Amino acid sequence: MLLAVVRRLVQMAFVMLGISILVFLIFFATPGADPAARIAGRNASPEVLAAVRHDFGFDRPVPIQYVLMMKRLFVTRDLTSFVNRGERVIPAIVESMPATLSLVFGAAVVWVVFGLLIGVLAAATRGRWPDRLLMILGLIGVSMPVFWLGEVANLITQDRYHDTPFFSWVPALGYTPLTQDPFLWFKGLVIPWITLAILYIGIYGRVLRASLIEAYQEDYIRTARAKGLSETRIMLRHALRTSLITFVSLFGLDFGALVGGGALLTEVVFDIHGVGKLTVEALQNLDLPFIMATVMYASFFVVAANAVVDIVYAALDPRVRAAAT
Amino acid sequence: MSDAVLPAAAPSAVPAGGVAPRPAAGPWQTAARKLRQDRPAMVALLVLVLIVVACALAPAYARYASREDPFASNVDGSITLDGQSVPVLQAETAGLGLGLTPIGPTWHGQYFLGADSQGRDVMERLLYGGRTSLLIATVATVICLVLAGVVGLVAGFAGGVVDAVLSRLLDVLWAFPIYLLAISLSIVLINTTIQIGPISITSGSLALPMLIIGLVYVPYVARPVRGQVLALNRTDFVLAARALGVPPWRILVRDIFPNVTTTLIVFVPLMMALNMLTESALSFLSIGVQPPNASWGTIIEDGQSLIYTRPLVAIAPGLCIVATVLALNVLGDGVRDALDPRAKLRVS
């Protein structure tokens with residue numbers, strides 16, 4: 001078991017190294033993607049360009065640039081913005097973390113609860129109309145662009161129906177830190193939570209239903225039936241238990257991906273100043289250190305989440321444990 | 001442009017093989033029959049065909065119904081409604097009376113769904129945008145499946161160092177959050193001209209989002225293909241072919257490849273759905289399809305500033321995306337059930 005964990009961690013480090021090289025190459029070594037030209041502006045003279053190139057160290061060999069960049073990103077952590085010179089990248093990311101975490105945590109609670117409900121309900125009524133209806137709704141949820149759904153939600157709750165009792169409680173767009181006003185924090189995040197969760201409710205409901213229906217064909221369910229257990233008990237204590245393994249590992253991956261940038265579109269639409277919004281702002285200014293840092297941070301988070309999921313999975317399932325070692 | 005029809009319609013036109021007097025039910029015929037009996041999938045296919053036909057007819061609509069240039073702004077234009085001349089962009093009546101509000105839905109040929117902030121016909125742009133969105137989703141799917149098929153086949157079949165290198169590469173791409181990878185590539189490449197051999201991709205070209213979207217989903221398809229090839233390597237018929245001294249490339253082409261085609265076909269509608277959502281997201285962030293070209297994503301972005309005054313500008317393209325993606329997903333479920341690669345994998 002310990003060996004498997006170590007091996008997984010080594011693999012994780014390897015993937016992180018690969019990602020850091022890939023990100024660096026995308027932003028600083030792609031033909032045509034001359035960062036000096038970006039900083040100096042469109043009509044800069046060759047002298048200015050050369051000065052900028054020297055100033056930022058772009059005239060040095062690419063591997064040296066890579067090492068320097070990584071050092072400034074992870075060791076000294078003093079990488080600064082190209083656009084607002086002096087603004088440090090790492091503290092800005094750390095500051096935006098609570099907003100992103102608030103958004104993703106709340107949405108995760110919503111989608112886990114409703115995903116479980118829908119999956120269990122659909123599997124229990126499989127083939128009949130509640131199952132069909134839930135699966136169609138789930139599929140619609142999966143098929144909606146999240147930023148569009150957010151726009152429509154804003155239209156309803158901020159404008160058209162804002163003056164009705166249903167949505168008069170919805171505050172203006174934006175994020176209020178939990179420490180500043182917990183009640184406003186909650187009220188402001190309800191609509192973003194639901195918007196972000198809808199896609200995942202669809203996915204999780206469908207996955208759980210499929211996995212439950214598969215479990216129902218297993219011998220141990222027949223045994224449970226033969227023992228005379230009630231259908232509810234069979235569902236909740238026997239079928240759901242095994243299906244939860246898939247559910248949990250899927251959750252780890254999606255949660256990681258969302259914290260690592262997947263919530264970007266939701267943050268933009270609802271004006272939540274999280275890491276995703278930071279990335280988009282940097283994108284509009286072509287602020288390469290910021291984009292690189294957020295992308296790198298995000299990928300590392302996803303890689304770490306994947307590793308944790310694999311290790312937890314191995315700890316839960318003895319068959320995987322045996323195969324890994 | 002109407003080429004976009006082909007992949008969507010492909011599953012129904014699964015090759016019938018040799019039509020014998022008494023057709024023996026081969027795997028393709030069985031799958032095609034199963035798919036034909038799947039009513040939701042057939043409805044979805046019909047919806048897709050309708051959407052594709054409507055978008056293909058965009059130039060006809062522009063010529064006979066809306067009579068506008070979909071790509072040129074028409075800020076000072078006016079149209080005749082009920083005998084009166086009405087400006088396309090009207091002065092705001094509410095608030096300070098500053099700014100302009102585009103004309104709302106007329107429900108007539110001209111400006112059926114109203115105008116956008118530049119006075120362009122929304123309905124017309126919707127049809128043109130649909131062509132772009134469908135085209136990008138289709139081409140990106142082809143790029144993705146070809147690349148993933150090659151990588152998966154080579155990695156699984158060659159094994160050893162080749163497999164190790166390709167698999168690690170896929171690991172890195174896999175761990176990279178999809179949207180961030182697509183965004184990073186788009187932002188760097190969007191304003192540059194890329195020269196790949198004889199092909200030159202200029203900035204603002206549709207080829208760029210196609211390539212990027214096709215590329216980022218490669219691991220999603222390549223990994224299962226590789227896994228299937230690994231399983232096929234151990235089957236009796238491959239072992240027998242090896243024992244007979246059949247050259248490896250021939251085994252790959254004649255024995256392995258036909259067995260992964262079903263997996264690839266199952267991915268077609270699902271990847272198209274994913275690609276369409278990705279394209280709309282990139283275009284929404286203004287790093288996908290570039291103006292004056294329209295796609296459903298860019299129209300939503302245009303409509304964002306008008307969301308409270310003329311919500312239809314943003315809502316209509318979103319509904320088009322939902323309808324198309326939903327139909328693709330339903331069709332994808334049908335195709336998967338018809339071909340059932342999981343059952344096949346279990347047998348091997």
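Visitor: Which helices have axes that come within 9 Å and cross at roughly 125°?
Guide: In this predicted model, they are helix 6 (residues 129-142) of chain A and helix 13 of chain B.

Visitor: What makes up the contact between helix 6 of chain A and helix 13 of chain B?
Guide: A:Leu139, A:Ile140 and A:Val142 meet B:Val322, B:Leu326, B:Asn329 and B:Val330.

Visitor: How many residues of chain B are in contact with chain A, and which helix of chain B gives the most?
Guide: 36 residues of chain B are in contact with 38 of chain A. Helix 6 (160-175), helix 7 (178-189), helix 11 (248-284), helix 12 (296-304) and helix 13 (312-339) of chain B each supply at least two residues. Helix 13 gives the most, with 9 residues. The side of chain B that touches chain A divides into 27 nonpolar, 7 polar and 2 charged residues.

Visitor: How does the reach of helix 6 of chain B compare with the span expected at 1.5 Å a residue?
Guide: Helix 6 of chain B has 16 residues, and the expected span is 1.5 Å times one less than that number. The expected value is 22 Å, and the helix reaches 22 Å from first C-alpha to last.

Terms used. Residues are numbered from 1 along each chain as its sequence is written. Chains are lettered from A and ligands numbered from 1 in the order in which they are written. This is a predicted model: local features need pLDDT of at least 70, side-chain atom pairs count only at pLDDT 80 or more; totals for chains, interfaces and linings use all residues. Two residues are in contact if their C-beta atoms, placed from the backbone, lie within 7 Å. Helices (H or I, at least four residues) and strands (E, at least two) are DSSP runs, numbered from the N terminus. Ala, Val, Leu, Ile, Met, Phe, Trp, Tyr, Cys and Pro count as nonpolar, Asp, Glu, Lys and Arg as charged, and the others, Gly among them, as polar. Axes are lines fitted to C-alpha atoms, for helices over the stretch in contact, and angles run from 0 to 180 degrees between N-to-C directions.
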